[in-house]
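Dear colleague,

Please find below the structure I promised to pass on to you. My notes on it follow directly after.

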Amino acid sequence: MRTLLNNCRIVNPYGEMPFMENGSILIEDGIIKELGILDPTIQVDETVDLSGETVLPGMINAHAHLYSALAVGMPFPKGNPTNFTEVLEQVWWILDLALDKDSTRASYESGLIDHLRHGVTTVIDHHSSQSFVNGSLQLLVETAEKLGLNISGAFEMTDRNGDKIFQDSLEENLTFHRSFIQSDTVRPLIGLHASFTLSDESLQAISDALKNESHWGIHIHTAEDKADQLDAVNRGYKSTLDRLNHFGLLNKNSLVIHGIHFVEEDLKIIKDTGAMLVHNPSSNSNNRVGMTPNETIQQCISGLGTDGMQGNMLAEAKEGTLIRSGHLAGGETNVNYAELLFNNNPEIASNLFGRKIGKLDPGYAADLAIFDYTPRTDFNENNWIGHTLFGMETPSDVMTNGIFRIRNNEFIEIDEKDILSNAEKQSQQLWQKMEKIL
Ligand SMILES: [Zn+2]
């Protein structure tokens with residue numbers, strides 16, 4: 001199958017050809033074959049005229065929690081949590097205990113729709129539904145396949161709901177890993193909630209279980225709050241990552257999330273093991289846990305994630321820029337959030353999925369976000385950051401692996417209204433259930 005997209009503005013940040021007006025993109029079997037000024041008589045199966053449209057690479061969310069998709073507008077807990085641990089205890093650990101199969105499916109569907117709507121075509125998810133463990137990651141894959149996204153899944157293992165659920169979660173991660181490690185569009189990771197909710201015995205059990213597996217990597221929250229580092233120190237380790245490294249759990253396929261309170265030892269371990277960091281500015285701000293230091297972001301391959309806050313990566317990059325600016329003195333340099341989104345996330349996703357994802361270069365997956373965007377100022381190779389973060393909003397068309405999933409603002413294969421009305425119904429039941437657990 002060969003498709004030719006014509007007459008588009010191509011914005012390919014950090015790619016081989018970062019900017020082009022009136023360009024063409026040739027797609028063959030889901031992969032970008034060629035782009036630039038192409039021979040108009042080229043033989044193809046389908047030609048699409050994109051006059052007036054701007055094409056960006058399909059974006060990647062490097063840390064998502066689709067399970068929290070039904071939390072939008074949820075009542076604030078009556079206990080009025082005052083710190084990070086209380087927020088977990090009164091909100092997220094109640095939500096993930098209340099989710100059953102139907103509400104989990106509704107969360108996946110509505111959460112993935114939110115991502116696709118915003119041109120996000122690859123989601124690296126960190127899942128938790130503690131009362132629905134077995135088969136939860138298989139359900140994630142089925143939902144992502146129906147919508148056409150590239151998906152990475154991991155089930156958050158934790159001790160907080162007892163040994164049976166911990167063992168089931170370990171089994172779920174291993175089954176998922178063995179079933180999908182060869183897949184092109186699914187990337188299994190081994191999910192751990194965080195160091196402070198796992199005992200040494202549990203970390204040893206995870207480490208033992210991975211001894212006979214290959215290509216595994218873990219996905220875990222680290223040093224999000226000072227409490228995580230303090231817990232590791234109280235158990236006799238130098239830091240959270242020192243503890244994970246002690247059990248042999250870190251490698252170049254592993255994602256460590258947040259790292260706000262990393263100490264020098266953590267940065268050294270990241271360097272030695274090749275583990276990747278993911279920064280989530282809107283969530284960190286919302287949870288009031290502090291701000292990842294510029295130096296930490298610059299010293300690691302830092303990706304950008306939303307930590308369940310949203311499916312809109314352009315908004316996350318913009319908000320990250322603004323949140324950090326609010327803490328900087330005039331003249332100080334901000335982190336380049338566009339680089340995290342358009343350079344580091346593609347590097348992370350390509351490493352994990354074992355194929356090229358996230359740029360508009362030959363050989364990359366044909367994942368595209370196409371915007372019907374008429375700029376009110378000159379748009380050129382030097383000011384694309386301003387236009388992408390502060391001008392462009394929602395794409396009119398989205399393609400994944402060479403197939404249009406959204407065309408002229410409409411989903412092609414799925415009934416969006418149906419999914420959203422089911423999500424609304426499920427959210428009501430879920431919130432009532434949470435109230436009973438509290
Ligand atoms: Zn998270």
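Helix H11 spans residues 313-325, 13 residues in total. In this predicted model, the distance from its first C-alpha to its last is 18 Å, close to the 18 Å expected at 1.5 Å a residue.

The buried residues of H11 are Met-313, Leu-314, Glu-316, Ala-317 and Gly-320. These residues lie on the same side of H11, because the arc they cover around the axis is only 165°. Among the elements that cover them are three strands, S6 (59-64), S7 (120-125) and S14 (302-304). The cover also includes the helices H9 (281-287), H12 (337-353) and H13.

With regard to the overall organisation, the protein is divided into two parts: domain 1, made up of 2-58 + 360-407, and domain 2, which runs over 59-353. Taken over C-alpha atoms, the centres of domain 1 and domain 2 are separated by 30 Å.

Where the domains meet, 19 residues of domain 1 are in contact with 19 residues of domain 2. On the side of domain 1 that touches domain 2, two or more residues are given by each of strand S5 (54-57), helix H13 (384-390), strand S16 (397-400) and strand S17 (403-407). H13 provides the largest share of that side, namely four residues. By class, this side of domain 1 has 13 nonpolar residues, four polar residues and two charged residues.

With kind regards

Conventions:
Residues numbered from 1 in each chain as written. Predicted model: local features only at pLDDT ≥ 70, side-chain atom pairs only at ≥ 80, totals over all residues. Domains from an automatic or database assignment. Contact = placed C-beta atoms within 7 Å. Nonpolar A, V, L, I, M, F, W, Y, C, P; charged D, E, K, R; others polar. Expected span 1.5 Å × (residues − 1). Buried ≥ 20, exposed ≤ 12 C-beta atoms within 10 Å, placed from the backbone. Arc of directions from axis to C-beta.
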